[in-house]
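Welcome to this short tour. Please open your viewer and get ready to select a few things as we go.

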Amino acid sequence: MLQNTGKLAGCTLFITGASRGIGKAIALKAAKDGANIVIAAKTAQAHPTLPGTIYTAAEEIEAAGGKALPCIVDVRDEKQIGAAVEQAVQKFGGIDILVNNASAINLTGTLETPMKKVDLMLGINLRGTYLTSKLCIPHLLKSKNPHILNLSPPLNLNPIWFKNHTAYTMAKYGMSMCVLGMAEEFRGSIAVNALWPKTAIQTAAMDMLGGSGIGQQCRKVEIMSDAAYSMFCKPTSFTGNFAIDEDILKTEGITDFDNYAVAPGHPLLPDFFLDEEPEDLVKHMEQHGATPVFKGGKSSSEPAPASGGPIEDTFKVIKGVLNPDVVKTTQGVYKFDLSGEHPGVWYIDLKNDAGSAGQGEPPVKADVVMSMDSADFSKMFAGKLKPTMAFMSGKLRIKGDMTMAIKMEKMMSMMQKSKL
């Protein structure tokens with residue numbers, strides 16, 4: 001782990017999305033030096049599933065040795081950002097470092113992504129980053145060693161990182177383009193850089209996308225906070241960089257990264273947008289029993305008739321757990337196009353009456369069509385593969401409403417209790 005040097009003592013950091021995850025980790029790292037932290041985030045009251053609020057984060061920051069200013073901020077709201085910036089200047093006398101950490105993610109294709117989700121991602125990732133930077137820059141220009149750090153990836157234009165989630169990639173790359181432009185615009189005055197993890201980082205978002213079992217394939221948030229700390233301590237001449245956490249820490253002399261691993265020695269899940277060929281990543285990760293972030297899918301031919309076996313057994317269990325409560329909660333009709341060893345078409349109706357399931361086309365039009373290998377289908381309904389993670393890794397192709405995949409997990413949980 002990177003040791004603190006005290007260089008950020010008295011510095012003021014304005015961090016968006018700092019109530020949890022990487023944003024809070026960066027805040028706590030700086031607080032150990034005695035820094036002032038502006039927690040600009042939305043969560044003021046405890047969330048039912050996500051940890052932390054701006055107030056609990058403030059308590060942790062002050063316990064670590066820093067000073068905290070919790071501000072309720074939606075980065076899409078210019079007035080809220082402006083008010084938080086003014087409060088920061090009044091309380092701490094200025095702003096030295098801006099961390100654009102707030103981000104939204106929705107990994108769906110063009111036809112499956114509602115415009116509401118597109119607007120959310122562009123509004124938070126792109127517009128929010130641009131707007132917060134714009135309002136902080138006049139104060140940053142007065143600092144002795146000002147920095148802007150965006151948590152965004154290198155601008156890798158390989159189409160493989162666009163085809164499955166164009167809207168998300170556009171929004172995330174918008175943050176990176178802010179780095180590209182502002183670094184040149186304010187060269188010599190403000191250091192503007194991006195930081196991105198080499199591997200998946202264990203956060204609430206990752207747990208949501210990959211399930212609780214994803215943690216052992218991740219590194220801890222501290223690797224990102226240590227890398228960010230290193231960058232903040234550099235002069236403003238260090239600008240326009242799209243840095244990777246591990247590479248930054250290697251320049252600090254760190255060679256043993258096991259301390260950052262959730263499960264030291266376990267193969268790690270590579271993150272999105274890096275230069276490794278996706279096919280090579282897949283081979284490497286699967287050789288070690290891990291699930292890769294991305295796996296290109298092949299188009300399947302027309303499925304042959306179902307051959308029973310494990311799929312038929314799975315549907316017997318599905319029929320056994322169907323009830324009006326699950327139907328009321330889910331409200332969706334699912335069609336499964338299965339390939340592989342046990343190809344066929346199956347359906348689950350969780351929208352009508354007490355629900356139904358079986359082989360063949362659904363009795364009414366499906367709300368979502370899921371195409372996948374029959375082996376992965378069995379794993380999914382046995383609780384060994386989460387639908388969202390299957391989609392991210394390319395093992396599941398979805399046509400229709402992506403949220404239906406998440407809703408279906410309640411039924412899967414019931415099936416697991418039935419000892420599938």
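At what angle do helix α10 and helix α12 pack, and how far apart are their axes? Select residues 310-321 for α10 and residues 374-381 for α12: the angle is about 30 degrees, and the axes are 10 Å apart. Axes here are lines fitted to C-alpha atoms, for helices over the stretch in contact, and angles run from 0 to 180 degrees between N-to-C directions. α10 and α12 are therefore roughly parallel to each other (angles under 35 degrees count as roughly parallel). The contact (heavy atoms within 4.5 Å) is made by Pro-310, Ile-311, Thr-314, Phe-315 and Ile-318 of α10, together with Ser-374, Phe-377, Ser-378 and Phe-381 of α12. Those contact residues divide into six nonpolar, three polar and no charged. Ala, Val, Leu, Ile, Met, Phe, Trp, Tyr, Cys and Pro count as nonpolar, Asp, Glu, Lys and Arg as charged, and the others, Gly among them, as polar.

A word on what you are viewing: this is a predicted model, where local features need pLDDT of at least 70 and side-chain atom pairs count only at pLDDT 80 or more, while totals for chains, interfaces and linings use all residues. Residues are numbered from 1 along each chain as its sequence is written, and side-chain values use heavy atoms, with hydrogens and water left out.

Now show the whole protein chain. Its secondary structure comes to 15 helices and twelve strands (DSSP runs numbered from the N terminus: H or I of at least four residues for helices, E of at least two for strands). Of its 420 residues, 54% count as buried, meaning under 20% relative accessible area with a 1.4 Å probe, protein chains only.

Next, select residues 21-31, helix α1. Ten of its eleven residues are buried, so α1 is largely enclosed by the rest of the structure. Among the buried ones are Ile-22, Gly-23 and Lys-24. Colour the partners that the buried residues of α1 pack against: β1 (12-16), β2 (36-41), α2 (54-63), β4 (97-100) and α7 (222-232).

From β4, step to Asn-101, in the loop between β4 and α4 (115-140). Is Asn-101 buried or exposed? Asn-101 is buried, with a relative accessible area of 14%. Leaving out residues up to four places away in sequence, Asn-101 touches Thr-16, Gly-17, Ile-22, Gly-23 and Leu-151.

Last stop: select Cys-71, buried at 4% relative accessible area, and Cys-218, buried at 0%. The whole structure has zero disulfides (pairs of cysteine sulfur atoms within 2.5 Å).

Methods:
Buried means under 20% relative accessible area, exposed over 50%, partly exposed in between (1.4 Å probe, protein chains only). Angles under 35 degrees count as roughly parallel, over 145 as roughly antiparallel, 65 to 115 as roughly perpendicular and the rest as oblique.
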